[in-house]
Amino acid sequence: MKIPQFLLCFLLFICSSNYSIAKKKSHKHHPLLFLPVFKDEITQQYVAQIYQRTPLVPVNLTVDLGGRFLWMDCENDYISSSYKNVPCGSRPCKLSGSQGCYGSSCPVAPRPGCNNYTCSHIPYNPIKRSSTDGELAQDIVALWSITTTTTNNNSNNVSKMLLSSTSGVMFNCPGDFLLEKLANGVKGMAGLGNGYTGLPSQLARAFHLPRKFAICLSGNTKSNGVILFGERRSYYASNEVLTYTPLLKNPVSTAGAYFPGEASVEYFIGVEKILVNGKIVPIDNKLLAINKTNGVGGTKISTVVPYGTMESSIYKAFKYEFVKAIAKVPIAKPITPFELCFNLSNSDTVTGLVIPQVSLVLLGEHNNSTTWDLPMNNFMASPTINDSSDLLCLGFLDGGENAETSIVLGGMQIEENLLEFDLVKKRMGFKSVYMSSDLVSCSNKFR
């Protein structure tokens, strides 16, 4: 039977409309990957848990924001059917920046961490300040993911699941002696550095994510912080407007061990001035710039340093202005590791206590300046050792006259701050949760 032309057109219109409706019925966003992070009470290290191997095994790792790659002990109980060593001269080996290769020196049968003709690298433990060589390998990893599906009635369905990579993620396999001084139960370090082998770039390639990540570390050892990989805004603190500062390149590696000519993968920002109650601390501005020849100077952010450090002359000038601004509070004998503490045993002192405002004037995105006002919790510590309840100590330490980096913002300075690192736009966004309308703390709401 011949179908009339007008009816044929009508049926085609209905079919195409239904197809469009079906297409619009749901829209799946890119997943957001996250790692829960807790603060170890004894070492003050930030520890994340990732899943790795086949079958999957949970592995605890100390977080190293500026670390070049993921590394872990392969000598003890490493069993995986998906483990692969990275061959010498292979593309992954070259892109990793390796300048080393194991020949036929492995004295035992091939096993994780000991394979002949394998690409080698130099894993480094910045807490122990020790390095070694180790074989570069690949294995499956899995992280918790959050996926939002928007339905045709504009409602969001949020699902949480463990998402595995389909290809191997590179890591380094040193001996277990490199685990010394790491938190109990930790099997290595999660390097989040800005390089090809850094975990953010590797996860972006493995899971087809934007090359950006965010951290929000909790200072409370009884609650979790979080590291987020991918586009945060669809899932976490979506209403927050961050302030941005450029990420600066240091052409010389600041790692404890590295290959010749290697650039730093740590995160440097441009501090232009330090303010105490709005007053500029008089310092040698040359120390705030990165020396392009030897890599000395500048300001970096670190998760392996519990408290911030300043080059000696900067610290002395800062300490002088700070003491002057808090003049009515008696100075007490400091408790290690702090160098400046105040005695709060007098009730009158506590009643009238006003902590000076510490601010960092940073390079802005468009060659202007922006200010990072540090809340008191990010630079004043209350020691809990022995009879120290009446003490309040400055959470910045003297980094020495020959400090490689002039200012290091340590764990205390970045706790309860949402920091977003955009590796494509080369910028860092920041906002304190104390000044947030969306976040009460960095406690991981995805638990």
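Modeller: Just after helix 3, H208 takes a positive phi of about 60 degrees; helices (H or I, at least four residues) and strands (E, at least two) are DSSP runs, numbered from the N terminus. This is a predicted model, in which local features need pLDDT of at least 70 and side-chain atom pairs count only at pLDDT 80 or more, while totals for chains, interfaces and linings use all residues. Residues are numbered from 1 along each chain as its sequence is written, and side-chain values use heavy atoms, with hydrogens and water left out.

Biologist: How many of the nine residues of helix 3 are buried?

Modeller: Buried means under 20% relative accessible area, exposed over 50% and partly exposed in between, with a 1.4 Å probe and protein chains only. Among the buried residues of helix 3 are L199, P200, L203 and F207. Helix 3, which spans residues 199–207, is mostly covered, and the number of its residues that are buried is eight.

Biologist: Why does the pair of F213 and F421 count as stacked?

Modeller: Rings of Phe, Tyr and Trp (its six-membered ring) pair if their centres lie within 6.5 Å, and planes under 30 degrees apart count as stacked, over 60 as edge-to-face and the rest as tilted. F213 lies in strand 16 and F421 in strand 32, 208 residues apart, and both F213 and F421 are buried. The ring centres of F213 and F421 are 4.9 Å apart, and the pair is stacked because the planes are at 15 degrees.

Biologist: Which arrangement do F318 and F396 form, stacked or edge-to-face?

Modeller: F318 belongs to helix 4 and F396 to strand 30, 78 residues apart, and both F318 and F396 are buried. With 5.6 Å centre to centre and 75 degrees between the planes, the pair of F318 and F396 is edge-to-face.

Biologist: Over the ring of which residue does the charged end of R427 sit?

Modeller: A charge sits over a ring if NZ of Lys or CZ of Arg is within 6 Å of the ring centre and within 35 degrees of the ring normal. K160 lies over the face of W144, at 4.7 Å from the ring centre. For R427, the charged end is 3.6 Å from the centre of the ring of Y244.
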